[in-house]
Amino acid sequence: MKESEVTDDFESDFANLARLAASGSVEDVRLYLAKLVRKYRTIRPAFSAKLDQSLKSSQTRSSGPSVMRRGPAPADSQPLLPQDQDTRQSLVRVFDDRESLAAPILPEALSKQIDDIVREHQQRAKLEAHGIRPTRSAILVGPPGVGKTLSARYVAARIDKPLWVLDLTTVMSSLLGKTANNLRLVFESAKQGQAVLLLDEVDSIAKRRSDDSDVGELKRLVTAILQEVDNWPDSGLLLAATNHPELIDPALWRRFDAILQFDVSDRDAVALAIRRFLGRDAEQFDPWIGVMASSLMGQSLSDVERSILTMRRNALIHQAEPLRLAVDLALRHAGTMDKVARRDLAISLAREGAMSHNQISELTGVARDTLRKYAGPSPLKGRGHKKD
Ligand SMILES: Nc1ncnc2c1ncn2[C@@H]1O[C@H](COP(=O)(O)OP(=O)(O)O)[C@@H](O)[C@H]1O
Ligand SMILES: [Mg+2]
């Protein structure tokens with residue numbers, strides 16, 4: 001290591017240590033000291049020994065878990081997570097799905113777009129040999145609960161990195177003056193920690209603009225974000241998510257290399273998702289998956305997941321019949337369904353032969369003629385009385 005590099009390192013280490021000390025967390029300071037002791041052991045043995053001594057003397061006074069006895073674990077393997085300097089709350093949520101994470105259920109074109117970004121990063125060396133940069137940033141657009149965060153987790157896992165989610169609504173709700181600082185801190189740490197960074201609800205910056213007194217601060221904040229996006233390294237991946245693309249500053253919008261458009265799923269995708277969310281109960285509900293898909297169509301997969309999990313709980317707690325539960329679930333959503341979806345649901349119920357056309361018609365408001373037309377004659381005269 002060159003002398004000038006050591007000096008640079010000293011400066012940034014000192015600054016980090018000062019920041020941790022100012023935040024008042026003894027444990028964090030000690031973790032960091034332990035890291036420095038190891039770092040400087042070979043290049044500055046005397047200095048390292050001195051740090052080690054302060055570390056050991058601080059330890060006897062503390063009743064908390066020992067940093068030394070914990071071994072080399074966190075400080076070495078994980079970067080320190082960025083914290084708000086006053087509240088000491090972590091500024092990011094961390095997802096590490098490298099062990100396993102099923103691919104999100106998405107339309108083919110979107111899946112392919114995501115897959116391409118993953119491959120570009122997996123084969124970055126190949127691209128760079130030809131002087132081409134991989135897609136460095138992408139903005140995920142779509143309503144809540146359609147799999148934006150999930151997809152970001154998936155991408156990060158596939159390129160073997162953790163995902164850090166910075167929720168801009170939360171950051172913005174704190175004092176604006178320190179938001180820019182916090183933002184820089186997060187970007188810096190994410191770069192060092194080799195994490196994929198997701199700026200969630202990135203439109204929340206724009207929303208604050210309505211309040212006149214904040215305008216100056218907000219401009220600075222937008223500038224700070226723009227600079228950070230510009231300085232983001234090619235080796236990293238920066239993601240942003242929004243359900244209000246129209247609110248995003250055009251200068252920021254332009255800076256994203258790719259736009260990933262998410263929408264609510266079609267019926268087939270909902271059916272696939274239901275099967276996945278049913279897990280080990282899939283078999284017992286199998287005949288009713290189509291009916292449930294018809295009724296849940298148009299909802300986000302996040303809402304679909306909630307409905308299915310509620311139903312599975314009920315199946316266990318109340319020992320209820322799968323048919324009963326599936327029909328209940330379907331009908332609970334019949335009111336909010338549009339005409340076409342309601343007709344689909346009614347026809348599916350009729351085809352399953354679960355109820356008489358009369359009952360189906362009463363529950364869904366779909367005419368018996370329509371049912372007969374698409375599903376043949378009613379198989380039942382009344383509930384549970386099958387015709388021969
Ligand atoms: N496309 C999808 N494929 C599979 N599961 C999904 C999908 N969309 C949503 N979910 C389920 O809903 C949960 C919440 O979705 P999330 O990714 O947080 O939505 P968003 O970020 O778009 O608001 C996910 O963790 C997952 O369980
Ligand atoms: Mg999300």
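This is a predicted model: local features need pLDDT of at least 70, side-chain atom pairs count only at pLDDT 80 or more; totals for chains, interfaces and linings use all residues.
Six strands make up an open sheet whose order is E1-E3-E4-E5-E2-E6, and the pairing within this sheet is mixed.

- From one strand to the next, the twist averages 20°.
- Strand E3 (residues 163-167) and strand E4 (residues 196-200) run parallel, and five bridges join them.
- Within that pairing, Val 165 has Leu 198 in E4 as its bridge partner.

**A helix across the sheet**

- Helix H5, made of residues 108-122, lies across strand E2 (137-141) and E6, and H5 runs at about 145° to E6.

**Helices H15 and H17**

- Helix H15 (residues 289-296) packs with helix H17 (residues 322-332) at an angle of about 15°, and their axes are 8 Å apart.
- Because angles under 35 degrees count as roughly parallel, H15 and H17 are roughly parallel to each other.
- The crossing in which H15 passes H17 is left-handed.
- On the H15 side the residues that take part are Val 291, Met 292, Ser 295 and Leu 296, and these meet Ala 326, Leu 329 and Ala 330 in H17.
- Sorted by class, this contact of H15 with H17 has six nonpolar residues and one polar residue, with no charged residues.

**Helices H18 and H19**

- Helix H18, which spans residues 339-352, packs with H19 at an angle of about 160°, and the axes of the two helices are 10 Å apart.
- That angle makes H18 roughly antiparallel to H19, since angles over 145 degrees are counted in this way.
- H18 and H19 cross in a right-handed manner.
- From H18, the residues Arg 342, Leu 345, Ala 346, Leu 349 and Ala 350 meet His 357, Ile 360 and Thr 364 in H19.
- The contact of H18 with H19 has five nonpolar, two polar and one charged residues when they are grouped by class.

**Helices H19 and H20**

- Helix H19 (residues 357-364) also packs with helix H20 (residues 368-375), where the axes come within 9 Å and cross at roughly 120°.
- At this angle H19 and H20 are therefore oblique to each other.
- The crossing of H19 and H20 is right-handed.
- His 357, Asn 358, Ile 360 and Ser 361 of H19 meet Arg 368, Leu 371 and Arg 372 of H20.
- In this contact of H19 with H20 the residues divide into two nonpolar, three polar and two charged.

**Aromatic pairs**

- Four aromatic pairs are found when the whole structure is searched.
- One of them is formed by Phe 10 and Phe 47, an edge-to-face pair that is 5.1 Å centre to centre, with 80° between the planes.
- Phe 10 belongs to helix H1 (residues 3-23) and Phe 47 to helix H3 (residues 45-61), so this pair ties together parts that are 37 residues apart in sequence.

Note on methods
Residues are numbered from 1 along each chain as its sequence is written. Chains are lettered from A and ligands numbered from 1 in the order in which they are written. Side-chain values use heavy atoms; hydrogens and water are left out. Two strands pair if DSSP finds at least two bridges between them. Helices (H or I, at least four residues) and strands (E, at least two) are DSSP runs, numbered from the N terminus. Axes are lines fitted to C-alpha atoms, for helices over the stretch in contact, and angles run from 0 to 180 degrees between N-to-C directions. Contact means heavy atoms within 4.5 Å. Angles under 35 degrees count as roughly parallel, over 145 as roughly antiparallel, 65 to 115 as roughly perpendicular and the rest as oblique. A crossing is left-handed if the near helix is turned anticlockwise from the far one by less than a right angle, and right-handed if clockwise. Ala, Val, Leu, Ile, Met, Phe, Trp, Tyr, Cys and Pro count as nonpolar, Asp, Glu, Lys and Arg as charged, and the others, Gly among them, as polar. Rings of Phe, Tyr and Trp (its six-membered ring) pair if their centres lie within 6.5 Å; planes under 30 degrees apart count as stacked, over 60 as edge-to-face and the rest as tilted.
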